[in-house]
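Hello,

Here is the structure I promised to pass on. Please open it first, then read my notes below.

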Amino acid sequence: MSIGTVLGQLRAEFPDVTISKIRFLESEGLVLPGRTPSGYRQFTAADVERLRYVLRAQRDQYLPLKVIKQQLAAADRGESPGPRGLSGHGACGEPGDDGPRSLSREDLLAVTGLSSATLVELEEFGLLKPGDGGVYDPVDAELGAVVKAMAQFGIEPRHLRAYRAAADREVGLLEQIVTPLYRQRDGRARDRADQALRELASLSVALHTLLVKMGLRRVSGG
């Protein structure tokens, strides 16, 4: 596919995407299309799925490109689900997926690049918690990758307890809103509650991001 064709496929879900954006993601090494003898880009269906993965991770999870690139590299090595298995919807997956893949402790360390000692700290501070059988899910891997990226700026697990506390308060507020919907006997009530929860979670993340940006603007004097 040409870059124009790819743009047409992506715009149904990402109306703001541009050819410049796709070229930028290529320059960052997030997608590597082939080239014709005359130098024109040629994208495959797998390249399009990779771009969807990147754009969803930016839009829905506000992940930095560095973290997304780490996730894709881990998927390329077969160490974690790739764009079809971890496509920006966290543990929810997509229709047709095999579902989220469980990660052993060793898998999680390999995918995120965390040290064993840092993982222990994250668990002690309640930021990560293995499920039954001591396994983790893709969301844990995403969190671990973000923590790893933040560590490069000197932010340690102990500094992240405030994030955990703030997230718990937000969850408590959203729980109060959607719990009455889940208790309704209407057969479609659960679907409405699930949809409301997803929308509220997205809005909550967006609000948090904007508040942080506003605060940093004051710090920078901008």
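The protein chain exposes about 13200 Å², and carbon and sulfur atoms supply 56% of that area. Keep in mind that this is a predicted model.

First, the overall picture. The protein chain has 222 residues, and 32% of them count as buried. It contains 9 helices and 2 strands. Along the sequence, the order is α-α-β-β-α-α-α-α-α-α-α. I also looked at contacts in the protein chain with a separation of 6 or more: 55% of these come from residues 24 or more positions apart.

Next, helix 6, which spans residues 116-124. Which of its residues are buried? Thr 118, Leu 119 and Leu 122 are. These three lie on the same side of helix 6, because they cover an arc of only 100° around the axis. An α-helix has 3.6 residues a turn, so residues three or four places apart point the same way.

What do the buried residues of helix 6 pack against? Their partners are helix 5 (105-112) and helix 7 (138-151).

Now turn to the face of helix 6 that points away from its buried side. Ala 117 and Glu 124 sit on that face, and both are exposed.

Then find Ala 117 and Glu 124 on the face turned away.

Best wishes

Note on methods. Residues numbered from 1 in each chain as written. Predicted model: local features only at pLDDT ≥ 70, side-chain atom pairs only at ≥ 80, totals over all residues. Heavy atoms only, no water. Helix = DSSP H or I, 4+ residues; strand = E, 2+ residues; numbered from the N terminus. Buried < 20%, exposed > 50% of the residue type's maximum accessible area, 1.4 Å probe, protein only. Contact = heavy atoms within 4.5 Å. Areas by Shrake-Rupley, 256 points an atom, 1.4 Å probe, with all protein chains shown as cover. Arc of directions from axis to C-beta.
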